[in-house]
Amino acid sequence: MIDHAHDLACVRDATERLLHAVAGLDNASLPEPSRLPGWTRGHVLAHLARNADALRNVLEGRPMYASAEARDADIESGAPRALDAQLADLRESAARFRAAGEAPADWSRTVELRNGVTDSASRVPFRRWIEVELHHVDLGIGYELEDLPEEFLERETDFLTARFRGHPGVPATRVTDGTRAWNTGDVADDPEVTVTGTPAELVGWLAGRRDGTALKVAGGALPKLPPL
């Protein structure tokens, strides 16, 4: 069972870590490249703020974004802002998302995200938690995959292996951290490939943040995963 209230609290804590870290930057550091190709740190921060509003829209029954073009334009226009404007936007958009999450609601209802993807409303807080944690890492300011909470790493591995389960381009694969294991890829076959690594390295590979060279692979080559 998904505990949306617990996940909202985790989003709050992750957001506070992010805000504290970003407050230590300066204006000159924001136009520098992030770890995401083509995006500066300013792009990442603008995206995080707009994503909070987008997921608030989802919770309140509106389209996540007006359009893909509007989403991209908002990120581009927000990227060059000064640090104080970025911080204020992050705080205010996070507060709006939190208020939407705290409003009485049917958390079992189905909501629509981007590109026709649907999910339970109860999973929206976890989706926001993913955004905050991974993009904090993407900023390249000292917060690494190894710093992510243990619970987050386990649940993100579960989330991403489920996302790739049944994907015809991914061979049947067993993913394990040595204690827990997940199956992903083509469900028509039994897993032949086993990928083993630390929780941080597994999430890095599954989320496209690391190339998987630190993982151990048995039974074949490391599967190539589709982009998220």
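Predicted model: local features only at pLDDT ≥ 70, side-chain atom pairs only at ≥ 80, totals over all residues.
Now the pairs, one by one. As background, strands of a sheet pair through backbone hydrogen bonds, either parallel or antiparallel. Take β3, residues 173–176, and β4. They run antiparallel, joined by four bridges. Thr-176 has Ala-181 in β4 as its bridge partner. The two strands form a hairpin, with four residues between them. Look at the turn: Gly-178 has a positive phi of about 95 degrees.

Next, β3 and β5. This pair is parallel, over four bridges. Val-175 stands opposite Val-195 in β5.

Then β5, residues 193–196, and β6. Here the sense is antiparallel again, over three bridges. Thr-196 faces Lys-216 in β6 as its opposite residue.

Back to β4 for its faces. In a regular strand the side chains alternate between the two faces of the sheet. β4 covers residues 181–184. Which of its residues are on the covered face? Trp-182 and Thr-184 are. Ala-181 and Asn-183 are on the uncovered face.

Helix α5 is residues 124–138, and helix α6 is residues 150–164. They pack at an angle of about 115 degrees, axes 11 Å apart. The band for roughly perpendicular goes from 65 to 115 degrees, and α5 and α6 are therefore roughly perpendicular to each other. Their crossing is left-handed. Who makes the contact? From α5, it is Phe-126, Arg-127, Trp-129, Ile-130, Glu-133 and Leu-134. From α6, it is Glu-151, Phe-152, Arg-155, Glu-156 and Phe-159. By class, that gives six nonpolar and five charged residues, with no polar ones.

α5 has another packing to show, with helix α1, residues 4–23. The angle is about 20 degrees, and the axes are 8 Å apart. That makes α1 roughly parallel to α5. This crossing is left-handed too. On the α1 side, the residues are His-4, Asp-7, Leu-8, Cys-10, Val-11, Ala-14, Thr-15, Arg-17, Leu-18 and Ala-21. On the α5 side, they are Pro-125, Phe-126, Arg-128, Trp-129, Val-132, Glu-133 and His-136. The contact of α1 with α5 divides into 10 nonpolar, three polar and four charged residues.

Leu-45 comes from helix α2, residues 41–59. Buried or exposed? Leu-45 is buried, at a relative accessible area of 0%. What does Leu-45 touch, leaving out residues up to four places away in sequence? The contacts are Val-22, Leu-30, Gln-86, Leu-90 and Leu-139. Leu-30 is 15 residues away along the chain, with a C-alpha separation of 8.9 Å from Leu-45.

Asn-115 sits in the loop between β1, residues 110–112, and β2, residues 118–120. Asn-115 is exposed, with a relative accessible area of 74%. Check the backbone here. Most residues other than glycine have a negative phi. Asn-115 is not a glycine, yet its phi is positive, about 55 degrees.

Last, Ala-214. Its place is in the loop between α7, residues 199–206, and β6. Ala-214 has a relative accessible area of 49% and is partly exposed; the exposed class starts over 50%. The C-alpha atoms of Ala-214 and Thr-198 are separated by 8.9 Å, and the two residues are 16 apart along the chain.

Conventions
Residues numbered from 1 in each chain as written. Heavy atoms only, no water. Buried < 20%, exposed > 50% of the residue type's maximum accessible area, 1.4 Å probe, protein only. Pairing = 2+ DSSP bridges. Axes fitted to C-alpha atoms, helices over the stretch in contact; angles between N-to-C directions. Parallel < 35°, antiparallel > 145°, perpendicular 65-115°, else oblique. Left-handed = near helix turned anticlockwise from the far one by under 90°. Contact = heavy atoms within 4.5 Å. Nonpolar A, V, L, I, M, F, W, Y, C, P; charged D, E, K, R; others polar.
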